[in-house]
Amino acid sequence: MSAAVIVFPGSNCDRDCKVAIERSTGERVEMVWHGETSLPDDLDLIVLPGGFSYGDYLRCGAMAAHAPIMQAVKKAADDGVAVVGICNGFQILCEAGMLPGALLRNAGLKYVCKPIALEVTNGQTRFTAGYQGQREVVMTQGNGDGNYFADAETLVRLEGEGQVVFRYVDNPNGSVANIAGIQNARGNVLGMMPHPDRAFEAELGSADGATLFRSVMAAA
């Protein structure tokens with residue numbers, strides 16, 4: 001099994017994701033530059049990491065959504081490969097139309113960086129099955145534009161189809177319905193603002209992020 005991490009100009013969690021996946025799963029991880037037009041063969045997981053892609057010009061993730069590599073990412077997702085967008089990666093997935101909704105400025109207009117408790121809202125996804133009934137996990141938040149928003153019709157669909165995967169126990173940024181992470185209707189694309197890559201070993205304060213990466217690889 002293998003994974004790839006996409007590297008954009010301004011990514012600052014790309015190596016974090018590589019190390020987190022390798023230590024959590026023992027599988028190899030390839031780093032793929034945003035200017036490439038193809039991905040390694042036979043991938044089981046693609047990660048869009050956190051950071052400030054293209055300096056967060058225009059809107060966060062708006063320029064990265066049109067990077068050359070994104071056509072290959074979309075094709076892989078259409079073929080059923082698991083895709084995880086973390087923080088800026090979540091913003092990119094929304095801007096690319098791979099997930100519904102948008103990420104707005106935090107309600108308090110301040111950058112939030114701290115450990116955060118999350119409710120595992122849907123434990124039956126390919127990303128959360130490894131939690132085996134664990135209802136609350138801890139990861140690390142680090143964003144200034146993490147306020148998830150979607151219109152009422154979209155929210156009804158997300159709730160009704162089990163696409164809300166994580167919620168904040170104590171909402172730090174104003175996200176509607178306390179949403180911290182959602183998946184697509186097919187269940188193979190996940191976007192989340194908290195960082196599993198910053199919570200994959202107990203020495204980091206939590207190892208709950210490792211379970212997410214293991215879940216994905218186990219489902220491959």
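Tutor: Here is a quick tour of some local features, one topic at a time.

Student: What kind of model is this?

Tutor: It is a predicted model.

Student: Let's start with rings. How many aromatic pairs does the structure hold?

Tutor: One aromatic pair. The rings belong to F90 and Y148. Their centres are 5.8 Å apart and their planes are at 15°, so the pair is stacked.

Student: Why stacked, in terms of the cut-off?

Tutor: Because planes under 30 degrees apart count as stacked, and this pair has 15°.

Student: Where do F90 and Y148 sit in the chain?

Tutor: F90 is in helix α3, residues 88–95. Y148 is in strand β8, residues 147–149.

Student: Are F90 and Y148 buried or exposed?

Tutor: Both are buried.

Student: What follows α3?

Tutor: G97 does, with a positive phi near 80°.

Student: Which residues have a positive phi without being a glycine?

Tutor: D42 is one, with a phi of about 55°. L109 is another, with a positive phi of about 55°.

Student: Where are D42 and L109?

Tutor: In loops. D42 lies between β2 (28–33) and β3 (45–48). L109 lies between β5 and β6.

Student: Buried or exposed, D42 and L109?

Tutor: D42 is exposed, with a relative accessible area of 70%. L109 counts as exposed too, at 60% relative accessibility.

Student: Which side chain has a polar atom by the backbone oxygen of D42?

Tutor: That of S2. A polar atom of the S2 side chain lies 3.3 Å from the backbone oxygen of D42.

Student: Tell me about S2, then. Which strand is it in, and is it buried or exposed?

Tutor: S2 is in strand β1, residues 2–7. It counts as buried, because its relative accessibility is 3% and the cut-off for buried is under 20%.

Student: What does S2 touch, leaving aside neighbours within four places in sequence?

Tutor: R28, D41, D42, L43, D44, L45 and M217.

Student: Next serine. Where is S11?

Tutor: S11 is in the loop between β1 and α1 (14–25). It is buried, with a relative accessible area of 15%.

Student: What lies 2.9 Å from a polar atom of the S11 side chain?

Tutor: The backbone nitrogen of F8. Not counting residues up to four places away in sequence, S11 touches I6, P49, G50, G51 and F52.

Student: Which residues are closest to its centre?

Tutor: R59, C60, E95, L103 and L104, out of 13 residues that line the largest pocket.

Student: Which elements give two or more residues to that lining?

Tutor: α3 and β5 (102–104).

Student: How does the lining of the largest pocket divide by residue type?

Tutor: Six nonpolar, two polar and five charged.

Student: Back to strands. Where is V112?

Tutor: V112 is in strand β6, residues 112–120. At 13% relative accessibility, V112 counts as buried.

Student: What does V112 touch, not counting residues up to four places away?

Tutor: N106, Q141, G142, N143 and P172.

Student: How far is V112 from G97?

Tutor: Their C-alpha atoms are separated by 26 Å. Along the chain, V112 and G97 are 15 residues apart.

Student: And what about G80 and N188?

Tutor: Those two are 108 residues apart along the chain, yet their C-alpha atoms are separated by 6.4 Å. G80 is in the loop between α2 (69–78) and β4 (82–86).

Student: What is G80 in contact with, leaving aside its neighbours within four places in sequence?

Tutor: R126, R186 and N188.

Methods. Residues numbered from 1 in each chain as written. Heavy atoms only, no water. Helix = DSSP H or I, 4+ residues; strand = E, 2+ residues; numbered from the N terminus. Buried < 20%, exposed > 50% of the residue type's maximum accessible area, 1.4 Å probe, protein only. Contact = heavy atoms within 4.5 Å. Phe/Tyr/Trp six-rings, centres within 6.5 Å; stacked < 30°, edge-to-face > 60°. 1 Å grid on protein atoms, 1.4 Å probe; cavity = no way out; pocket = protein on both sides within 12 Å on 5 of 7 lines; lining within 4 Å. Nonpolar A, V, L, I, M, F, W, Y, C, P; charged D, E, K, R; others polar. Polar contact = N/O pair within 3.5 Å; in protein donor to acceptor, adjacent residues only side chain to side chain.
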